[in-house]
Each structure stands twice: as structure tokens, then as C-alpha cells.
Amino acid sequence: LDMTLVDSSALADLRRQRMWTQVAASMHLIRPFKVEAGAAAHELPGKLKARDIPIAVVTSSPRRYAEAVIKAFDIECDALVTYEDTTEHKPDPAPIVEGLKQIGVKASSDVLYVGDNSIDVEDAYHAGVSSIGVGWGIESLFGMSSTAPDILVDEPKQLLRAIELDQLSYIGERSAAGEKYSSHWGSVLHCDDHQNEVYALGRYMTAGDPRHAGHQLSRAILSLKSGDKHADMFGKALGKAIGLIETEAAFIVPVPPKPSQTRNRFEAVLAAAEAHLPDDMEIDLEGLKCVKEVEGYKAMGPGERAAAIRGAFETKWDWDGADVILIDDVYTTGETIAECARILKKQGAGTVQTVVLGKDQRAFVRKRCECGRTMKIRKNRQGVQFWGCSGYPTYCQRTEDL
């Protein structure tokens with residue numbers, strides 16, 4: 001409801017402190033989101049209902065407030081779940097589960113939960129439904145990029161497009177799965193870190209995340225460290241992604257291999273990308289060189305990484321004001337690309353934008369099995385969802401009611 005269907009940012013502090021008497025006196029400050037064309041956000045439920053799509057509004061706000069907002073903006077819905085309706089609250093799946101119950105729909109990837117923050121994304125995952133993040137209500141793109149939704153859109157009208165909505169997901173994830181995608185603003189994951197302009201082809205799930213096993217992009221990124229099996233796929237996706245971002249870059253430069261490594265993992269990828277890049281954009285595999293081996297880098301925190309990697313790269317070129325796109329595999333803390341960008345700019349580069357294959361995601365681990373492993377949502381042959389140990393079937397077969 002808030003910051004998804006209506007702009008209640010003026011009441012954010014009051015709502016956060018649960019000062020509902022003051023909120024009630026300030027309802028006139030809630031505004032509709034401005035749109036350049038197409039439907040406004042608060043009109044979406046009505047337009048979807050007109051297509052016989054059942055709609056539930058799920059909010060952590062109290063019912064009296066939620067009903068007042070819905071009435072004021074004439075928001076149509078089949079069910080409303082508020083703070084008072086469940087014992088557990090976001091990111092626990094209980095509110096979404098209650099919403100599904102009220103509209104008579106079973107949880108599945110075809111159910112879409114639309115929200116504006118990382119709690120909504122995690123909530124959708126634990127409820128077993130797909131998540132859509134809305135760019136018009138997001139407080140921080142950087143914050144959202146670390147707990148990214150399945151789909152990211154920036155205009156309400158995109159939710160009314162006559163295509164399969166999963167085609168609006170990230171270029172890298174759709175390409176790794178061998179599936180079609182529809183190019184738009186959210187086809188790349190925006191990861192701006194306030195210092196450098198960073199984009200990702202999709203999400204990267206670590207091995208400790210229950211989502212990793214079924215995530216093809218994450219596995220493809222890992223395989224790139226030792227071979228070029230997915231180089232053509234990455235090259236095409238990379239070329240298409242660069243075409244979607246606003247850039248005047250004249251050069252593409254990869255983060256170089258360590259001194260102890262002889263293979264440049266990006267060489268075959270960029271060779272495949274060349275056919276999909278603007279004619280005036282040049283690939284420079286030698287644009288940066290790593291001159292210092294940093295031991296134990298992955299085990300370090302952000303501050304330690306920044307200090308350890310200082311001076312690890314150099315460039316022999318004077319970039320003479322040229323804009324550069326930097327390429328890396330996974331964006332975790334951002335210290336590596338920040339140091340590479342610093343060196344490029346020190347040697348005369350203009351704007352340095354970064355495109356990575358995947359943005360590291362916060363692991364969705366909320367439930368642990370008695371054996372110590374994480375539990376994940378599974379589904380039996382009858383379609384009933386339950387908690388199952390991630391060690392199934394080899395190490396552990398414990399289950400719990402969802």
C-alpha cells in the first residue's frame with residue numbers, strides 16, 4: 001500500500017514511530033505517484049481486477065489507516081490484510097499467506113507480490129510467490145540491489161503490458177535460463193553505490209543461500225572462473241545490457257586477473273560481446289593490470305578490503321578524458337571496482353561506469369534445521385508447500401509445516 005500504490009513519504013517518520021493519532025490528522029499529505037503516461041499506481045488494482053485478476057492489498061499498517069487510504073484513492077481490491085489480521089508480520093510470510101487465503105489463490109511463482117523495499121522481497125520469497133519491485137517508491141536503489149526482487153519496474157503501466165511478466169526480469173537471469181526477455185529499464189539491476197554508477201546483469205546467490213541451487217546465472221558465473229562454456233551467453237547479454245544504459249563510453253576495460261593467474265576470464269566474453277556493442281566502442285583487455293596479489297581478500301570486511309587492495313592495479317595509458325565501462329564478475333562490497341575506477345580516473349579517464357555479471361545478494365536464511373543447516377520452502381507432489389532441510393535427501397530429511 002504505502003510507497004507502492006500511494007506516496008505516503010510525508011508520513012514516513014510518523015508511521016515508523018507508530019504515531020497513528022498524528023498520522024490520522026495528516027492524511028491530506030498522502031499523494032498519488034506522478035506518472036508521465038499510462039495508469040497511475042493507485043489505479044493498477046482496479047485495472048487488473050477488470051481483467052479478472054484477483055487482488056489483495058497487504059500492509060503492516062493498522063486497518064483504520066489502510067481503509068482510509070483505500071477509500072480516499074478509490075483503490076479496488078478483493079481483500080485487505082492489515083497489521084491486526086496476523087500474529088506474525090513482514091518479512092514472515094503470514095500476511096501474504098492470509099491474503100492468498102482470502103482471495104482463494106494458492107502460492108506459486110505465478111502469484112506476484114508488488115512492493116517497494118527489501119522486506120517485501122524477502123516476504124514474497126518466504127511465502128513462495130514472485131516479487132516485483134517498483135522503482136517509483138524505492139528509497140535506495142543500492143539497498144534494493146542487495147535484496148533484489150525477481151522483477152524490477154519503473155513505470156506502473158509495465159504491470160499492464162500484454163506479455164508474460166517474467167520476461168521483464170533481468171537480462172542475465174533470463175539469458176542463463178535460455179528464456180526470452182523484454183528490454184526495459186529494469187532489465188539491468190541498478191546498483192548505484194553513491195560513488196560509481198554500477199549495473200548488474202542479474203542477481204548472484206552465494207552457495208549458502210537456499211536459492212543458489214536452482215539459480216542458473218549464479219552457477220554460470222562460478223563456471224566462468226575455470227572455463228568459457230557460458231562465454232557466448234554472457235557476451236550477448238553484456239552487449240545488450242550496455243545498450244540499455246546511458247553511456248558515452250569509448251572503451252570497455254575488464255578487471256584484470258591476479259598476477260598468479262594466466263587466464264583472463266573476460267577475454268572470450270568480451271569477444272562474444274563485440275558483435276552487440278556500438279561500432280565506436282573499443283574493448284581494451286590490457287587497460288588495467290593487477291600488480292599485487294592480495295591474500296585472503298574474500299574473508300575481509302569492506303574496510304579491510306579497501307586498505308588491502310589499495311595500489312593493486314595500474315594502467316599504462318593516458319585516457320585523455322575518455323569515458324570507460326569497467327567489467328567485473330560479482331559486485332560484493334565494491335572495493336575492487338572502486339580502486340580500479342580510481343586508477344583509471346587518476347590516469348585521465350572521464351566517467352567510469354561498471355557493469356557486473358551479478359550483484360551479490362543477502363542470503364534469505366530465516367529458518368535453521370535441527371542439524372544446523374538452513375531450511376528452504378519445498379513442495380510435495382500434491383503441491384503443498386513445507387519447510388525442508390537443505391541437506392535433503394543425502395544428509396537430512398527433516399521437514400516442518402510452513
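How many nonpolar, polar and charged residues does the lining of the second largest pocket have? In this predicted model, the lining of that pocket divides by class into 15 nonpolar, seven polar and 12 charged residues. The second largest pocket has a volume of about 880 Å³, and 34 residues line it. Lying nearest its centre are Lys225, Arg265, Tyr297, Lys298 and Asp329. Among the elements that each supply at least two residues of this lining are strand S13, which covers residues 324–331, and helix H13, which covers residues 335–346. Strand S13 gives the most to the lining, with four residues.

Strand pairing was examined around strand S7, which comprises residues 197–200. Strand S6, at residues 189–190, runs antiparallel to S7, and the two strands are joined by two bridges; within this pairing, Leu189 has Ala200 of S7 as its bridge partner. Strand S7 also pairs with strand S14, residues 352–360, but here the sense is parallel and the pairing extends over four bridges. In this second pairing, Val198 has Thr354 of S14 as its bridge partner.

Across the whole structure, a search finds three aromatic pairs. One of them is formed by Trp20 and Tyr65, whose ring centres are 5.4 Å apart and whose planes stand at 50 degrees, so the pair is tilted. This pair links distant parts of the chain, since Trp20 belongs to helix H2 (residues 20–24) and Tyr65 to helix H4 (residues 63–72), and the two residues are 45 residues apart. Trp20 has a relative accessible area of 21% and is therefore partly exposed, whereas Tyr65 counts as buried because its relative accessibility is 5%, buried being defined as under 20%.

Another aromatic pair consists of Phe251 and Trp319, with ring centres 5.3 Å apart and planes at 75 degrees, so this pair is edge-to-face. Phe251 lies in strand S9 (residues 251–254) and Trp319 in the loop between strand S12 (313–314) and S13, so the pair ties together parts that are 68 residues apart in sequence. Trp319 counts as buried, because its relative accessibility is 5%.

Charged side chains also sit over aromatic rings. The charged end of Lys359 is placed over the ring of Tyr331, at 5.1 Å from the ring centre, and the charged end of Arg18 is placed over the ring of Tyr83, at 4.7 Å from the ring centre. Arg18 lies in the loop between H1 and H2, and it has a positive phi of about 55 degrees although it is not a glycine. With a relative accessibility of 40%, Arg18 counts as partly exposed.

A positive phi is also found at Met3, which is not a glycine and has a value of about 65 degrees. Met3 lies in the segment before helix H1 (12–16), and the residue is buried because its relative accessible area is 17%, the limit for this class being under 20%. A further backbone feature is the peptide bond from Lys90 to Pro91, which is cis, with omega near 5 degrees; Pro91 lies in the loop between strand S2 (79–81) and helix H5 (94–103).

Finally, Leu244 is found in helix H10, which covers residues 231–244, and is partly exposed, with a relative accessible area of 34%. From C-alpha to C-alpha, Leu244 and Ala312 are 31 Å apart in space, while in sequence they are 68 residues apart.

Methods. Residues numbered from 1 in each chain as written. Predicted model: local features only at pLDDT ≥ 70, side-chain atom pairs only at ≥ 80, totals over all residues. Heavy atoms only, no water. 1 Å grid on protein atoms, 1.4 Å probe; cavity = no way out; pocket = protein on both sides within 12 Å on 5 of 7 lines; lining within 4 Å. Points joined across faces, edges and corners; volume = space filled by probe spheres on them. Nonpolar A, V, L, I, M, F, W, Y, C, P; charged D, E, K, R; others polar. Pairing = 2+ DSSP bridges. Phe/Tyr/Trp six-rings, centres within 6.5 Å; stacked < 30°, edge-to-face > 60°. Buried < 20%, exposed > 50% of the residue type's maximum accessible area, 1.4 Å probe, protein only. Lys NZ or Arg CZ within 6 Å of the ring centre and 35° of its normal.
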